[in-house]
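This briefing describes the model shown below, grouped by topic. Please consult the structure alongside the text.

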There are 2 protein chains.
Amino acid sequence: MRVDVDRLLSLASQGKLRALGRLLTLVEHPGPQALQVLAKVAPRAGNAQVIGFTGIPGAGKSTLVSRVITHLRRRGYKVAVIAIDPSSPYSGGSIMGDRLRMQEHAADPGVFIRSIPTRGLKGGLSMAALAMIEVFDALGYEKIVIETVGVGQSEVDVAHAAHTIVVVTMPGAGDDIQMLKAGVMEIGDIYVVNKSDKPEANKTAAYLQFALEKEGIGRGEGWAPRLVKTSAVLGQGVDKLVDAIEEHWEYLKKSGVAAKRLTSRRILLAKLMAEAMLSKSLEEVINETKSELEEVFKENVTAAFTLSHELARRAAERLLKEIKT
Amino acid sequence: MRVDVDRLLSLASQGKLRALGRLLTLVEHPGPQALQVLAKVAPRAGNAQVIGFTGIPGAGKSTLVSRVITHLRRRGYKVAVIAIDPSSPYSGGSIMGDRLRMQEHAADPGVFIRSIPTRGLKGGLSMAALAMIEVFDALGYEKIVIETVGVGQSEVDVAHAAHTIVVVTMPGAGDDIQMLKAGVMEIGDIYVVNKSDKPEANKTAAYLQFALEKEGIGRGEGWAPRLVKTSAVLGQGVDKLVDAIEEHWEYLKKSGVAAKRLTSRRILLAKLMAEAMLSKSLEEVINETKSELEEVFKENVTAAFTLSHELARRAAERLLKEIKT
C-alpha cells in the first residue's frame, strides 16, 4: 500500500499524534519510504537540541529524565523522548513505579515518548533513532531527549549525534577512572551525580571534578564539562541541570559547533542508511543461497571462508542492479 | 609485513601461546589475512563445545565462569575463554577481587583467556568472537567459554553461534517474565540461579521453573532447558552445572544439532566478514568525499538524503573493483 507522506506530514503538523507515530514507524526501517519521509522533513528540521542521557545502571537515570522533561515543559518547550535503553520504563521496562512515572507525561500533549524496539530493526538502533530525530525536529519539538544505556556501538553512534550528552552517575559509583573511560561515559558535556542525598555524594562529586579537570574526561570542543548534583527522587538540583543543558545549547549555537554537529549527524544517518541497504542485499543473497552455502561448508570448509568474498561480491552486484532499476 | 601463517599455526600447535595470541589478533579484523588464517584452521576445527554465558548484571557471572573453568580443567579439558562483557574482569574490569579471580587461572597452561576489545574492532564484536572460536577449536581447545552481557545485537549473534547458552540469574531477579523475554535471556539451554544461599532462592527457582515449563522460555530443539542452583562464591552446585553443560553437549552431538549449529555458526561468520567488507568500502567512500558531503548537506538537505543511495552505489562499485583486482 502506498502511503501518502504529504498527508501524514500535514496531519502531524496539525498535532495529530497518530500521524506522527506513523511517520516515526516509516523512518524506523531503511528503504525508499524512509528516504522519502526524510527528504520531506529535513528542510524543516535543524532547530532542536538533541540531548543524550546515558549512565550506569541503577543511577536513577529514568527518574531523572522524567524530572528533566517536567522542567523543560515548565520552560515552555515541546519535548520528544526517544528511549533506547532496554531497561528503561519507556522502552518496556516492567517495574511498576517506572511505568507510573511514564504516565506522568502521558496526558501532556507537549511530550511525545517513543521507545525504540531493541529487536527486529533492520537498520539498527542508531539509524532508527537518528531518523526519528529528523521527524521530531521538523515537527517543532524543541528538545529531543534520547535515553541510552551507554554500551555498544549503537549507543556511541547516537551519543555522537547528540548535541549535549548528559552522563548520569551516583555516589560511590564514580570513584573509578576506568569506568569513566568506557564508551560514551568519557564524552559527556554534563556529568550528574544523582542520588546526591546519599552519603559519599560529596566525595564522588569531588572525585569526578578531579577527573574532569585532570584526566581530560569530557567531549571538549571548547566547553569545560559541567558537574551537577541532583536527587531526582527528591526533586533537587534538576533545575540546575536544566540550566546547564540550556547553557550548553547556547554555547553550541554561538560557537558554531551546533551546526557542525547537525551536519555530522546527517552524514552519519546517510551512512547508516547506505550500510543498511548493503546489509539488506547481503541478507537476501544469503537467504536465496542458504542450502547451497550449507553444502559448501559441509564439503569443503577451507574453500568456504573464501565465500565471504563471493557473498560480498554478489551483494554488491545485487544492490547495483536494484539501484539502476 | 607478510605474516607466515603456517609457521604461526605450527608454533601454536606446539603450545606456543604467543603464536596463538598472534593468530587471534590476525582474525580479529576482517580482511584477506583473517580469511587466510580461517581457511587454514577451519579444517582442523569443529570439535569444541562453545558455551555462552550471559545474564543480568550483579548475578555473579564472572565468579561463576571462573569456577566452571576450574571444574572443566579438573575433568581434563583444555579451556579457552572469550570475554566480551565490558564489565568483565577478563575484558579489563577494574575491581580488584575480580582481577585476582582471573589470576587463578593465569598459571594454568590449559586455560587461555582472551578478551575482546569493545572498541576499535572493524568487523564488530561478533565477527571477532566467531573467528576466534575457529582458531581455538582448531588448536585443540575442547571447551570454549564466551562471556557476554546479553544485550545488543553482537551478543545475540554470539549466543546464537554457541552450542550451549547458560543464562545466569540470582534470587529476586528472575521474578519477572518480561526480563526473561529480553534478548538472549529467553534462549537459554541451562538457567542458573546463582547466589542460591540467599533468601528467596527457592522462590526464584520455582518461578523460573514455571517460566521454563509454561512460558516456553528456552531455545528448545528437543532439549528441555535445565535449571541449576549454584553459589559460585561458596563453590556450591558448580559440579552440577558442569554436568548439565556436558549432558547438553552429549545431547547436541547425538541429535545432530551440534553439526547444524557448527554450520550456522560458520555461515554467520562468512556473512559478518562479507558485511565488514561492504562497510569498509562505504567507510572509504565517505572518508574520501567528506567535504563534498558536507557541502551537499549544507546546500540542499532534501537532496542530501537521496545521497544514501549514491553512497551505497559507490561503495558497491568500489568493492567490486577491489575484488576483481
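How many helices and strands does the secondary structure of chain A comprise? The secondary structure of chain A comes to 14 helices and seven strands, where helices (H or I, at least four residues) and strands (E, at least two) are DSSP runs numbered from the N terminus. The model is predicted: local features need pLDDT of at least 70 and side-chain atom pairs count only at pLDDT 80 or more, while totals for chains, interfaces and linings use all residues. Residues are numbered from 1 along each chain as its sequence is written, and chains are lettered from A and ligands numbered from 1 in the order in which they are written.

- Of the 325 residues in chain A, 51% are buried; a residue is buried if 20 or more other C-beta atoms lie within 10 Å of its own, exposed if 12 or fewer, and partly exposed in between, with C-beta atoms placed from the backbone.
- Among contacts in chain A between residues at least 6 apart in sequence, 75% join residues at least 24 apart; two residues are in contact if their C-beta atoms, placed from the backbone, lie within 7 Å.
- The largest nonpolar core has 202 residues, such a core being a set of buried Ala, Val, Leu, Ile, Met, Phe, Trp, Tyr and Cys residues joined through C-beta atoms within 7 Å.
- The residues with the most contacts inside this core are A129(A), I144(A), L278(A), A129(B), I144(B), I146(B) and L278(B).
- In soluble globular proteins, nonpolar side chains tend to be buried together.
- Apart from residues up to four places away in sequence, L278(B) touches L278(A), L282(A), A312(A), A315(A) and A316(A), together with A315(B) and L319(B).

**Helix α11 of chain A against α14 of chain A**

- The axes of α11(A) (residues 257-288) and α14(A) (residues 307-324) come within 8 Å and cross at roughly 115°; axes are lines fitted to C-alpha atoms, for helices over the stretch in contact, and angles run from 0 to 180 degrees between N-to-C directions.
- The two helices, α11(A) and α14(A), are therefore roughly perpendicular to each other, given that angles under 35 degrees count as roughly parallel, over 145 as roughly antiparallel, 65 to 115 as roughly perpendicular and the rest as oblique.
- The crossing of α11(A) and α14(A) is right-handed; a crossing is left-handed if the near helix is turned anticlockwise from the far one by less than a right angle, and right-handed if clockwise.
- On α11(A) the contact involves M277(A), L278(A), S281(A), L282(A), E284(A), V285(A) and I286(A), and on α14(A) it involves L311(A), R314(A), A315(A), R318(A) and L319(A).
- The contact of α11(A) with α14(A) has eight nonpolar, one polar and three charged residues; Ala, Val, Leu, Ile, Met, Phe, Trp, Tyr, Cys and Pro count as nonpolar, Asp, Glu, Lys and Arg as charged, and the others, Gly among them, as polar.
- S281(A), in helix α11 of chain A, is buried, with 25 other C-beta atoms within 10 Å.
- Leaving aside neighbours within four places in sequence, S281(A) is in contact with A315(A), R318(A) and L319(A); S281(A) and L319(A) are 38 residues apart in sequence and 5.9 Å apart in space, C-alpha to C-alpha.

**Helix α11 of chain A against α6 of chain A**

- The axes of α6(A) (residues 124-138) and α11(A) come within 9 Å and cross at roughly 130°.
- That angle makes α6(A) oblique to α11(A), and the crossing is left-handed.
- G124(A), S126(A), M127(A), L130(A) and A131(A) in α6(A) meet R265(A), L268(A), L269(A), L272(A), M273(A) and A276(A) in α11(A).
- By class, the residues of this contact are eight nonpolar, two polar and one charged.

**Helix α11 of chain A against α12 of chain B**

- The axes of α11(A) and α12(B) (residues 290-299) come within 10 Å and cross at roughly 110°, and the two helices are therefore roughly perpendicular to each other.
- T263(A), R266(A) and I267(A) in α11(A) meet L293(B), E294(B), F297(B) and K298(B) in α12(B).
- This contact has three nonpolar, one polar and three charged residues.

**Positive phi values in chain B**

- Most residues other than glycine have a negative phi.
- K195(B) has a positive phi near 55° and is found in the loop between β6 (190-193) and α9 (201-214) of chain B.
- K195(B) is buried, with 26 other C-beta atoms within 10 Å.
- E200(B), in the loop between β6 and α9 of chain B, has a positive phi near 75°.
- E200(B) counts as partly exposed, with 17 C-beta neighbours inside 10 Å.
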